[in-house]
Amino acid sequence: MQVLKFGGTSVANAENIQKVSAIVQQALKKDKTIVVVSALGGITDILLQAGELASQMDEAYKEKLQVVEQRHLEVVKSLLPVAQQSSVLSWVKKNCNEIEDICNGIFLLGELSPRTKDRIVSYGELMSSHIISSYMNAAGVANLWKDSRELIVTDSVFGYAAVDFMATNKKINEFFSNSSNLLFILPGFIAANAEGATTTLGRGGSDYTGAILAAGVYAATLEIWTDVSGMMTADPRLVSNVRLIPHISYQEAMELSHFGAKVIYPPTIQPVMAKKIPVWIKNTFAPDDYGTVIESDAKENGTIIRGISSIGKIALLSLEGSGMVGIPGFSKRLFEALANEKINVIIITQSSSEHSICVGIEESASIKAKEAVDKAFAYEIETGKVDPLIIEKDLAIVALVGDHMKNHTGVSGKMFGSLGRNGVNIRAIAQGSSERNISAVIASNDVKKAINVLHEEFFETTYKQINLFIAGVGNVGSRLLAQLDQQRDYLQQHLRLQVRVVGIANSRKMYFNDEGIDLKKWRELLKEGAAMVLQKFIDIIRSKNLRNSVFADVTANNSLAECYDQLLQKAISVVACNKIACSSSYDYYKKLKDLSREYNAPFLFETNVGAGLPVIGTLNDLMRSGDKVNKIQAVLSGTLNFVFNNYNGERSFADVVKQAQEEGYTEPDPRLDLSGTDVMRKIMILARESGGHIEMDQIENRSFMPTSCMEGDVSNFYKEMAKHEEHFKNIYKEAAAAGMKLKFVAKYENGKASVGLQHIDSKNDLYHLYGKDNVVLFYTDRYPEQPLVVKGAGAGAEVTASGVFADIIRTASV
């Protein structure tokens with residue numbers, strides 16, 4: 001004997017029922033078969049709505065009942081030959097009239113009791129099973145329809161009745177052993193108490209019906225046919241690349257179903273587990289798919305975790321107080337108070353100090369729970385021994401499930417570490433001694449991120465995914481996007497890394513796509529985006545709450561730099577090409593560094609100094625390894641180096657600066673370079689990274705630019721430079737006459753910093769610096785006389801973009 005159960009989606013309409021018939025006919029070739037069916041998809045909800053509307057004396061219940069009747073009549077007409085429709089249509093009509101009579105009574109009384117509710121919803125399964133039985137008989141597939149209420153005996157807890165297995169198994173054995181039929185069709189979900197009153201087994205109870213029957217007849221197998229191809233490693237609505245679980249133990253399946261896996265109704269496992277009957281989860285719409293088999297000794301799946309699940313709408317109840325310490329009975333009284341109100345406890349944690357105990361319940365029961373617990377501890381609360389019950393809402397539970405966790409160390413650490421790195425705060429933790437389940441209570445809005453993080457950590461060995469937001473798609477930003485597109489396959493193949501750009505913005509527009517932006521069409525997509533509003537842009541990034549989120553600022557925008565703290569506080573890594581944040585007040589710089597450490601979100605800004613050169617990284621390595629920086633000497637402006645390497649008085653100084661701007665070496669506003677402001681920012685950043693507390697106004701700037709050049713706008717800047725051409729010629733001639741080169745040099749020593757134009761002779765390390773090159777000389781305890789030198793191209797969109805790219809990759813290693 002075998003038992004096949006088909007869910008609501010499998011029998012939702014005539015077309016699906018025909019698929020069910022084909023599956024049943026194949027099964028009959030193997031063995032005698034019991035088929036259990038749910039109501040047509042959505043009918044149970046409509047029947048409940050009709051009952052509720054009737055109890056509220058709302059005549060709209062009649063419209064709901066018309067929908068129920070019409071659905072069933074249409075299915076009969078679509079399935080059965082015209083000559084065989086009459087009796088079935090009459091039977092459906094008779095049942096629909098009975099439902100209407102019951103609802104009319106509810107309407108008159110204005111009351112819907114649990115018993116009456118069970119009676120109403122029972123018609124869904126009764127009608128669907130009768131129609132399917134009639135259809136299969138008409139198609140030549142002989143079968144016997146049997147009312148499950150005549151076989152399954154329960155108590156009188158309407159809505160969630162408990163099965164009397166002794167009485168039930170006796171009836172099942174008597175009926176099936178005395179029948180010569182090969183195929184039986186029964187309604188799921190419904191049963192009856194000892195007096196014959198209709199009861200139900202809880203929402204999802206059709207699975208349970210199948211398990212009860214399978215256990216009662218000692219079936220060879222129980223098959224649960226649904227609309228998915230088995231149990232998955234996580235909810236496919238939350239995780240895009242879930243895996244099928246081909247084999248799973250009874251205990252693991254119970255844990256996953258308890259913690260929200262909707263594929264199977266939790267009580268289903270119990271009856272079949274006792275008889276070691278394997279349970280198959282199969283897909284009605286893809287019957288050839290392997291599915292999932294639930295069995296006593298499940299095969300290993302290559303990972304120590306079998307699956308990840310979650311329960312939403314949880315409230316945490318915390319009972320605290322010094323009067324609890326060392327006094328037995330507090331826990332008992334707490335659970336009694338909840339049990340008396342029929343409130344189910346989902347998770348329990350208690351501190352070893354016994355100062356507090358915390359339980360998780362359904363959020364909908366939290367008000368009733370508080371009233372009950374506060375009443376039970378009224379004396380202790382009044383005398384100050386115990387605090388009034390504390391309730392926290394908007395929470396959820398995520399759980400790792402796997403039989404083999406107990407044989408492996410570090411699973412909990414890996415779980416909590418990965419959640420922590422992504423800014424998911426854990427409110428409570430529970431793990432049984434069996435170590436089959438590790439549960440954590442988190443904020444509801446973190447569930448999707450948490451499950452994706454855990455799935456990536458435990459199941460996705462192929463790659464790690466970075467969700468990248470980019471602000472600024474101009475000269476550097478556009479090249480960064482091109483490099484990301486070019487290197488996509490390389491990163492996935494060699495670094496097992498997928499960088500997915502999910503948001504881009506410029507000063508006018510912003511565009512988001514959680515599935516990833518097509519980097520070959522980003523310009524067109526951005527044009528279609530929403531108007532750019534900075535705070536809204538930041539709020540959207542924060543609210544998306546994506547795992548492994550990285551924000552790259554490729555602008556020179558002051559307001560954007562002031563938003564970094566909001567991102568870091570959400571554990572979103574920040575990669576800044578923009579120098580403003582690190583060169584703003586020391587307090588803000590330190591705040592960002594502290595937030596980075598606190599929320600484990602990297603704050604990287606390698607391109608702030610030297611574009612793509614490893615200047616800050618080298619300095620950090622020196623500091624981390626215990627070296628001490630005594631002096632820094634550097635040429636930090638690729639723009640100024642380019643200008644003075646190309647200016648000899650034959651072309652105007654303004655023309656050479658214009659060339660530098662056109663070739664992408666200058667800041668968006670070239671005055672920042674020529675005034676020395678940009679170099680001041682860079683030496684200050686290096687000073688701060690080497691441990692110095694320094695502000696911009698403490699840096700000496702020996703500017704070579706006439707004051708009038710710095711007044712007005714950029715066009716005025718060029719006009720004024722042309723007027724002062726003789727000034728620039730004299731600067732050049734003076735250096736050339738002495739056989740020296742002009743270099744704009746930054747220096748930091750003994751806590752003091754300065755920048756200015758200097759004459760450099762040929763023996764100086766700074767002399768042989770060409771084009772747009774930068775050079776930084778670190779004089780340290782380990783490099784006292786011969787400095788550690790970092791030298792190379794220090795400007796240009798391509799190298800700057802590559803530096804930002806490298807920082808983005810570095811965030812993945814944290």
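The sections below treat each of these topics in turn.

## Model and confidence

The model is predicted: local features require pLDDT of at least 70 and side-chain atom pairs count only at pLDDT 80 or more, whereas totals for chains, interfaces and linings use all residues. Residues are numbered from 1 along each chain as its sequence is written, and side-chain values rest on heavy atoms, with hydrogens and water left out.

The chain has a mean pLDDT (the predictor's confidence in each residue, from 0 to 100) of 92, and 98% of its residues reach 70 or more.

## Nonpolar cores

A nonpolar core is a set of buried (under 20% relative accessible area, 1.4 Å probe, protein chains only) Ala, Val, Leu, Ile, Met, Phe, Trp, Tyr and Cys residues joined through side-chain atoms within 4.5 Å. The largest contains 82 residues, of which F551, Y564, F653, F704 and M721 touch the most other members. Helix α26 (residues 677-689) contributes the most to this core, with 7 residues. A second, separate core of 52 residues includes V11, A54, M136 and F189.

Beyond its neighbours within four places in sequence, F551 has contacts (heavy atoms within 4.5 Å) with residues including F469, F537, Y564 and V575.

The structure holds 1 cavity of 30 Å³ or more. On a 1 Å grid over the protein atoms alone, a cavity is a set of points where a 1.4 Å probe fits but cannot get out; lining residues have an atom within 4 Å of a point.

Methods
Buried < 20%, exposed > 50% of the residue type's maximum accessible area, 1.4 Å probe, protein only. Helix = DSSP H or I, 4+ residues; strand = E, 2+ residues; numbered from the N terminus. 1 Å grid on protein atoms, 1.4 Å probe; cavity = no way out; pocket = protein on both sides within 12 Å on 5 of 7 lines; lining within 4 Å. Points joined across faces, edges and corners; volume = space filled by probe spheres on them.
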